[in-house]
Amino acid sequence: MDKCNFKKFVVKWLVALTIVISTVYAQTGWERISLLGSGVNLSEWLEAYWEADYPVWEKYKEEDIAFLKELGFRHIRLPVAFTLWTDTVPPYTVDTTIFLLVDSVIQWCIKHDLRIVISYHHGRLGDRGTAEFPRIMASWRQIAYWFQHTDPEYVFWDLYNEPHNIAHAQWQSFVSELVDSMRQWLPDHTFIVAPADWSGIDQLDSLQPLHDPNIIYTVHVYRPFLFTHQGASWAPCTHLTGYPFPYDPARMPEADTIIWNNPFCAHAYTNYPLWATVSWLRTHIEKAAQWSQYHQVPIYIGELGVYYKAPYADRLRWLHIVTCTADSLNIPWANWGFKYAESSFGFVYGGIAHRENIQPRFMESICLLGDSVPVHTFKPSVELPVKQPFSIWAYDLWGRQIKTKISQRIVKIGQRGIIVLK
Ligand code: BGC
């Protein structure tokens, strides 16, 4: 190779390398999580399989998205019962009518600059267990193929809402296989993965981060369950209402035989004084941040919320603690519920999204941080401005030393890590 050709060869390789590096950089969950901020689940719609006239096409419209944007939210989560649209026998063909509906919501979100998390809701693991794996896999492959041209900076995929009735190890290997197979069509999209056993924070320890840097991990916050689900007909032992937050013995409803005869309910009732406290709830959410810090992977609260039958002032207090704690830890979140506040987890009365229909003091209660507050903007790594040998310490916001990964001069920073150089 002569000198000139060698130069060309080197330049070519440098360009190729730059492209590879920048693609890899764009593909990290860390980079994308800073786009989510505060959000809202567009619930009671494409997941509402129990409604006689499912799906009600016009229930949500473009103006709803514009309204959420105007309120300061930065993303929506769209729960979709894809399983209702998927054949029950191989090759498990998905009826693409649902794709058209989802497509229009994606277009609205892009137009109004809101990110969208699409969640695979009400899958059939609960009653079919591992027998359902091939069907989930097949429907996701069709979803991935259909949506391969969507903008990965806007569209995120939540692979399975609240997986349950499945062992952690089985879930772990299935979900990594699912991610690998979807990468064929969605190489640059961010996937969202929950731990098995209903996506609880306490279940995170049973989940190992996958070997794919472009994943955000997700949990749901509904603790204490007797408080957030009081009066909900579909949940166990939630027939009593009036549970206070924080715990107040004078206002506590008296347990009946339904509670005492069910071990889950008796346990939840007995522990209510401990769990329904501000400090317990904060510590609970901090556990998610610690898991994220420890594994150096991003975390997202895809659902949090309180059913409308809870005492209203208590509900606002709970929302305030949970959303502000999440914000202080740089964890993005999405309220479960939007419209139909009179019968759901939502905060807007009726089906029309107008400011005057927002529940009183709701917006003040949630710790909604708009674009002007750079709380979610952290970088996944920094290049240190030093050439000499150095020592490095990283501390969290409480001054505790935290784990960091150091490779040469590039240091990864966790969601709440700050760096002190010596
Ligand atoms: C479920 C909803 C339920 C909500 C609160 C969601 O994950 O899909 O049906 O209302 O959690 O329990």
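By class, the residues around the ligand come to one nonpolar, two polar and two charged. They are His121, Asn161, Glu162, Glu303 and Trp336. Before I go on, please keep in mind that this is a predicted model.

Next, helix H7. This helix covers residues 168–182, which is 15 residues, and at 1.5 Å a residue it should span 21 Å. The end C-alpha atoms of H7 are 21 Å apart, so the two values agree.

Which residues of H7 are buried? They are Trp171, Phe174, Val175, Leu178, Val179 and Met182. These residues cover an arc of only 135° around the axis, so they sit on the same side of H7. The general point is that an α-helix has 3.6 residues a turn, so residues three or four places apart point the same way.

What covers that buried side? Helix H6, residues 133–146, is part of the cover, and so is strand S5, residues 190–193. On the face of H7 turned away from the buried side, we find the exposed residues Ala169, Ser173, Glu177 and Asp180.

Last, cysteine 109. This residue belongs to helix H4, residues 97–111. Is cysteine 109 buried or exposed? Cysteine 109 has 23 other C-beta atoms within 10 Å, and the cut-off for buried is 20 or more, so cysteine 109 is buried.

Setting aside neighbours within four places in sequence, the contacts of cysteine 109 are Ile65, Ile76, Leu114, Arg115, Ile116 and Tyr154. Take tyrosine 154: in sequence, cysteine 109 and tyrosine 154 are 45 residues apart, while in space their C-alpha atoms are 8.0 Å apart.

Conventions:
Residues numbered from 1 in each chain as written. Predicted model: local features only at pLDDT ≥ 70, side-chain atom pairs only at ≥ 80, totals over all residues. Helix = DSSP H or I, 4+ residues; strand = E, 2+ residues; numbered from the N terminus. Buried ≥ 20, exposed ≤ 12 C-beta atoms within 10 Å, placed from the backbone. Contact = placed C-beta atoms within 7 Å. Near = placed C-beta within 6 Å. Nonpolar A, V, L, I, M, F, W, Y, C, P; charged D, E, K, R; others polar. Expected span 1.5 Å × (residues − 1). Arc of directions from axis to C-beta.
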